Amino acid sequence: MLPGFGKQTLIIGSAPSCDIVLQAGGVASEHAKLVHQGGGKLVLINAGTGRTTAGGRPMSAGEQAPFDFRTQFRIGEANLPFDHPAITLSLMAQGQQAAPPGRLIIGRDPTQVSIVLQHPSVSSRHCSIALDRMMVTDNDSTSGTYVSGQRIAANQPTPLPRGGTMHIGPVPLQVSLLMQLAQAAQSPGASQPQPSQPQSDPRQVAAAPQAFQQGNVNIVQPQTGGSAGGQRPAQPSGAPVKKHKTVFGQLDFSGASGGARSIGRTDDNDIVIPHPQVSSRHAEVKEEGGRIYLTDRGSANGTYVRGHRLQPGVPAEIANGEKVYIGPMPLQLTLGAGGQVEVFNEEVGEERWAGRPLYEIEAWSLFKEVPDRDDKSKMKVLLDHVSFKALPGDMIALMGPSGAGKTTLLLTLNGYLPPTEGLVRINGEDLYDIYDTLRGSIGYVPQDDLVHPELTVWEAVRYSAKFRLPPDYSEAEIEQRVEQTLKDLGLEGVAHLQIGSPEQKVLSGGQRKRVNIALELVTDPVILYLDEPTSGLAADDAASLVTLLHELTRATGKTIIMTIHQPAKDEYEKFTHALILGYGGVPMFFGATTPDSYKFFSDWGIREGINPRDWGMDKLPADNPRDMFALITARETPIYEQMRAQYGDAAQRSDARHAGAKLWNQDYFAETNPIYKKMYSGRRAVGTGDGRQGVPEGRPSTRGQFRLLFSRYFKTKIRDKVGTGILLLQAPIIGVLLAVVFGGQAEEVPAWCLGALQQLAQRTGEKASNQVFDTLS
């Protein structure tokens, strides 16, 4: 379980080693203790090293006071927060009841719950929490369950606020802590009791395959938390498994060479981390008495220890070998016997990716519905429980017909559109809890161009760099970063050409699309989403763009997910995997492009005795994406014909497509499908992970951006002479027209005003109207 789970004594003070760290005036290094005496009884013991009050009453040295989540304790000049995770964790114990992955059952009786909350006001089986749907249900408890300060109705699922706090009776519980508890319960080696028999409720995430009734066909989902057969394989599938260690350097604190050592982006640091999102002097390391301390130096993207962003200038002790994050970059620090600290990074991935941040993207049962535009009383499903995991180095083709929810899925994965149900996780952390920190690590290229046609290619990419890179970047560093980005995308030859509009072309369609990608790549994002990047491009431009992205993924370990509409065979096979959705957002296939995708769809055609010539195919088995989609059409066409025979003109093609997609869904998630077993086991198992807090909460700085926005706006307007001229002439022309129309009127009440007064008199009475008229006169 989590550190601090069931801990009996909590130290409160300003020292980084304390369980509850309070940074305020008057707080001693070890100011007080909070002791769990059993049965949920907490007492606060004042150490006498500083001023402590309980409910406004000063406490003497050694005095004890009950901690009841109502009495406000003041430690020095800081209030002791009731909802601190360490306090809640100290009241917890492991229950004996198994809960499915993503679910928690919380209460006081160990035999009925998965997490015991030891407090006398908590009922035996107080509440159930479904984190896969972000819902909490009060199990008719005595003291109630509270969300956003309101007691929720018993036995009715209620949405949980992301990043907020709920209350179980009087005990506050942060939603982020719930997420960590659920992840810890699923991690290997967790003390999780096993159920005596398989779960049979089809709504539970642990059941596999899951079935959600949709008409006459069930929507099946992958098993979560392990392999399709229920046993975790020894080796992950579909991804490299070797760990590679990159040593960034050693810090010598022996003898007279003590003091602080710096970590940053520039060469004047003791440890150089050459990543665009690392500040020039990001953090410093200090060794004292065999302990390692890490301090943030006011960096733009933060320094993180155990999931929390460090306050600038406040040192935090880190354990030997503990993983910390310098911006997006994971590092480990180990102290040797000779007083030297080794700084390194160890990740699972290809050797050529060593030393780079690597992220896993996990979609966990994503469901999205919105009101139907044609009938507001009905809900329309856009995503129907989509689950998959993308690993570093994956380049995934997101494919499907119109109405399959491809763009909706991209927007959900990049944080723009939260799902109705389900989770998006990055390295095991909920995306929507850590979204602000991930802004610089996620790139999104929409289908429509977002470039200013008046700027040159160089200027557009440079503005993007200045907006999004740390503010301590020098002009020389920014220019070097822009040059490298343009070179990587083959744009150095057009760097100083004006971008132009689609109507007044200066660049080709392929070059314009590369400029859009350059705006994102200039910050070196770890994850890149692209929406139809080849749409409207000539065949050569499309092939060139896909090849460029393929080489980028192989070289850097970035994870790229892009929607694409029926690419050519050579383009399609440059993707490592394909995720194919059917109409209504139904997942039909997830696996390697070749040979797995060809084999899966062709197997059905062979079983059904499909004649390839009837559907414009070259042969069976299919060996190109065009024939693969012809098989999808071949399966839905008989369904449509049957519906036409039964319902006539009322039959909808979209209904047939939806029914066909659900049949593919059943075939793919069948226990006999080896592709499904391979893609949802090992490292790719959905709903697993060690819950590491690699990308915790924070918010990037936006200092100085108004000046940049004004500079860019001024430059675009100066170059758009016609548009700017019209804008400047609007006010004088309108003034002249007003003078012509109204300038010659006498100084009297206009006729239109008299008419309005007459209407006013009818509504308010003649006296009020006369008063207004006298005032105007």
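## Helix α3 and the glycine after it

Just past helix α3, glycine 415 adopts a positive phi of about 95°. The helix itself, residues 406–413, is mostly covered, with six of its eight residues buried. Those six are Lys406, Thr408, Leu409, Leu410, Thr412 and Leu413. Buried here means under 20% relative accessible area, exposed means over 50%, and partly exposed is in between, with a 1.4 Å probe and protein chains only. Helices are DSSP runs of H or I with at least four residues, strands are runs of E with at least two, and both are numbered from the N terminus.

A word on where this comes from: the model is predicted, local features need pLDDT of at least 70, side-chain atom pairs count only at pLDDT 80 or more, and totals for chains, interfaces and linings use all residues. Residues are numbered from 1 along each chain as its sequence is written, and side-chain values use heavy atoms, leaving out hydrogens and water.

Take α10 (residues 593–607) to begin with. The expected span is 1.5 Å times one less than the number of residues. There's still a kink of about 25° in α10, centred on phenylalanine 600; the bend at a residue is the angle between axes fitted to the seven residues ending there and the seven starting there. Buried residues of α10 include Thr593, Asp596, Phe600, Phe601 and Trp604.

Helix α15 covers residues 721–742, and its 22 residues should span 32 Å; the end C-alpha atoms sit 32 Å apart, which agrees. It also has a kink, of about 35° at glutamine 730, shortly before proline 732.

Rings of Phe, Tyr and Trp (its six-membered ring) pair if their centres lie within 6.5 Å; planes under 30 degrees apart count as stacked, over 60 as edge-to-face and the rest as tilted. The count by this rule is 22 aromatic pairs. In one of them, the ring centres of phenylalanine 600 and tyrosine 668 are 5.6 Å apart and the planes are at 85°, so the pair is edge-to-face. It ties together distant parts of the chain, with phenylalanine 600 in α10 and tyrosine 668 in helix α12 (residues 653–668), 68 residues apart. Both phenylalanine 600 and tyrosine 668 are buried.

Tyrosine 668 also pairs edge-to-face with tyrosine 680, at 6.4 Å centre to centre and 75° between the planes. Tyrosine 680 is in the loop between α13 (674–679) and α14 (705–719), twelve residues away from tyrosine 668. Tyrosine 668 counts as buried because its relative accessibility is 1%, and tyrosine 680 does so at 2%.

## Arginines over rings

Which ring has the charged end of arginine 265 over it? That's tyrosine 473, with the charge 3.7 Å from the ring centre. Arginine 261 lies over the face of phenylalanine 253, 5.3 Å from the ring centre. To count, NZ of Lys or CZ of Arg must be within 6 Å of the ring centre and within 35 degrees of the ring normal.

## Strands and sheets

Strand β1 (residues 9–13) pairs with strand β3 (residues 32–36) in the antiparallel sense over four bridges, and with strand β2 (residues 20–21) in the parallel sense over two bridges. Two strands pair if DSSP finds at least two bridges between them. Isoleucine 12 stands opposite alanine 32 in β3 and opposite isoleucine 20 in β2.

Elsewhere, four strands make an open antiparallel sheet in the order β6-β5-β8-β9. The edges are β6 (57–58) and β9 (78–79), each with a single partner strand, so one side of each has no neighbour in the sheet. Strand β8 (residues 73–75) joins β9 through two bridges, and isoleucine 75 has alanine 78 as its bridge partner in β9.

## Two loop residues

Asparagine 269 sits in the loop between β23 (261–264) and β24 (271–272) and is buried, with a relative accessible area of 8%. Glycine 39, in the loop between β3 and β4 (42–46), is exposed at 54%. Glycine 39 and leucine 91 are 52 residues apart in sequence, and 8.5 Å apart in space, C-alpha to C-alpha.
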